[in-house]
Amino acid sequence: MKHFFLFCLLLTSFFIDAQTNLLKNGGFEYDLTNWNGQENGALSPYDRKSGKNSALINQFTGAEWRAFDQTVPLARNTFAVECSAWMKAEGVENQKEEYKAAIIVIEFLNGADKSISTETIARAKGTTDWVNYKKAVKVPADAKKIKIMLALAQTNGTVFFDDIKITTLTQEEFSKVNSETK
């Protein structure tokens, strides 16, 4: 009985400390549900970081912008957010412009869905293994929503995405995260 009580206490502490992902279906376990731009990519049950699927975008000619995106509301007085995502690139062409790559970008929007600011979370060219990109960003004062874009930005190749998360941070958590990365 004592062991059972300790186990329950330990399990409860994990749930209390767990931060809620603002995104829905960030692991692509439910097809591409909740993601816009479904026509720009597909699911891959073969090459994934975890779970049963990853999302992929591939393009062999044309070097157009191809992306998935999801927009979610921000709670009032959210100080900062942390974006964490796994990304893998295969043969992403190296273009002269730096932004033409496999990318993950977050965009802060006001109440009228107008862009306030953007922040690049990840950028990859060439061929990479699965890499976890993580970045904390202070939320602009007028931001009401956050939009995340997973893209193959005006280049050719293949990019995979999995386990995408956006969590909120207090001012103290943001300060701690930023001091650890310096």
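Rings of Phe, Tyr and Trp (its six-membered ring) count as an aromatic pair if their centres lie within 6.5 Å; planes under 30 degrees apart are stacked, those over 60 are edge-to-face and the rest are tilted. A search of the whole structure by this criterion finds three aromatic pairs. One of them joins Phe 79 and Phe 174 edge-to-face, with 5.7 Å from centre to centre and 65° between the planes. This pair links distant parts of the chain, 95 residues apart. Phe 79 sits in the loop between strand 3 (65–73) and strand 4 (80–90), whereas Phe 174 belongs to helix 2 (residues 171–181).

The structure is a predicted model: local features need pLDDT of at least 70, side-chain atom pairs count only at pLDDT 80 or more, and totals for chains, interfaces and linings use all residues. Residues are numbered from 1 along each chain as its sequence is written, and side-chain values use heavy atoms, with hydrogens and water left out.

Burial was assigned from relative accessible area: under 20% is buried, over 50% is exposed, and anything in between is partly exposed (1.4 Å probe, protein chains only). Phe 174 is buried, at 13%. Across the protein, buried residues make up 41% of the 182 residues. The accessible surface comes to about 10,500 Å², and carbon and sulfur atoms hold 52% of that area. Accessible areas come from the Shrake-Rupley method with a 1.4 Å probe; for residues, only the protein chains shown count as cover.

Two lysines lie over aromatic rings. The criterion places NZ of Lys or CZ of Arg within 6 Å of the ring centre and within 35 degrees of the ring normal. Lys 49 lies over the face of Trp 86, at 4.2 Å from the ring centre. Lys 88 lies over the face of Phe 160, at 5.9 Å from the ring centre.

The protein contains two helices and nine strands. Helices (H or I, at least four residues) and strands (E, at least two) are DSSP runs, numbered from the N terminus. Their order along the sequence is α-β-β-β-β-β-β-β-β-β-α. Contact means heavy atoms within 4.5 Å. Among contacts with a separation of 6 or more, 76% are between residues 24 or more positions apart.

Thr 71 lies in strand 3. Thr 71 is partly exposed, with a relative accessible area of 34%. Leaving aside residues up to four places away in sequence, Thr 71 touches Leu 109, Lys 145, Ile 146 and Lys 147. Thr 71 and Phe 108 are 37 residues apart in sequence; their C-alpha atoms are 9.4 Å apart in space.
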